[in-house]
Amino acid sequence: MTPRHGSPVWIDLGSNDLEKAKEFYRELFGWNYTSTGDDFGGYLMVDSGRGDAASAVGGMGPNMGMDGEAIDQPAWWTIYLGVDDIEQACAEVTAHGGMVFVPPMPIGDMGRMAIVGAPSGASFGLWETGSFGGIEFSPEPGTPVWFEAMTLDFARDAEFYAAVLGWENVPMADEDDASGSEEYPDVQDNEGGYVTNFADATAGLCEANAWLPEGMPSYWRAYFRVEDVDATVARVQELGGSLVDGPVDSPFGRLATVTDAEGAMFQVIADPVE
């Protein structure tokens, strides 16, 4: 897989209790885990159950500092966007009002990663492909199907992602607002045209001031496909997670915001009923 510049290619969970996280997601989604060994700090490759490349979900590992030592910070899912040249991408990040939190570093021969932030403060990863290209989207339940940045500074972030990652920001009207006042731009498609519908996009940017609780910062989030959102929410709670918002129906399917047993937030979404 050769990732498209600016598109999501990988996700991973930073955990303070890896065994607890493994059990939660195994019970919820049926995930399998393959260790990359001690050289990579016990990092796990996650798949949806078949164990092949096509069923890859992402990664999971302990929260660690730059020195490789464990650090206590909130558990969180990080979204990685593919770039052609990670050094150039980091330079563009800072030149356009963003921040570089973790500078480019090699991950064996697999590629190079960095952690950066948009002007709004929403952090995300960058990935330059080596031997590993990232996720190939799958229709299976328990796999990631959508990624979006919830931003409190929509105008600046829209300009930032366009300048740094080549996004074509195509406004999408709110289905519940005939005036189309809520903007929701999507990423450019593979052929270089403009994405105008959900199915053809790879990620989105959402004006989130009306949605986020007081004090909550801008952030990136991932959606996982499930067959039954309500049943999944109930199972999340049985496993020690929590319901944050929903379930609600949308034009794109029924969805909910939940957390795992450590508090890492994610979305679950079911295909719309035809």
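## A first look at this chain

The count of disulfides (pairs of cysteine sulfur atoms within 2.5 Å) comes to zero. This is a predicted model, where local features need pLDDT of at least 70 and side-chain atom pairs count only at pLDDT 80 or more, while totals for chains, interfaces and linings use all residues. Residues are numbered from 1 along each chain as its sequence is written, and side-chain values use heavy atoms, leaving out hydrogens and water.

**The chain as a whole**
- The protein chain has four helices and 14 strands, taken as DSSP runs (helices H or I, at least four residues; strands E, at least two) and numbered from the N terminus.
- Of its 274 residues, 48% are buried, meaning under 20% relative accessible area with a 1.4 Å probe, protein chains only.
- Among contacts (heavy atoms within 4.5 Å) between residues at least 6 apart in sequence, 59% join residues at least 24 apart.

- Cys90 counts as buried at 7% relative accessibility.
- Cys206 is buried too, with a relative accessible area of 5%.

**Helix H4 and its surroundings**
- In helix H4 (residues 229–238), the buried residues are Val229, Thr232, Val233 and Val236.
- These residues line one face of H4, because they fall within an arc of 100 degrees seen down the helix axis, the arc being that of the directions from the axis to the C-beta atoms.
- Their cover includes helix H1 (18–29) and strands S12 (242–248), S13 (255–259) and S14 (265–269).
- Asp228 caps the N-terminal end of H4, with a side-chain oxygen 3.1 Å from the backbone nitrogen of Asp230.
- Just after H4, Gly240 takes a positive phi of about 100 degrees.

Technical notes. Buried < 20%, exposed > 50% of the residue type's maximum accessible area, 1.4 Å probe, protein only. Polar contact = N/O pair within 3.5 Å; in protein donor to acceptor, adjacent residues only side chain to side chain.
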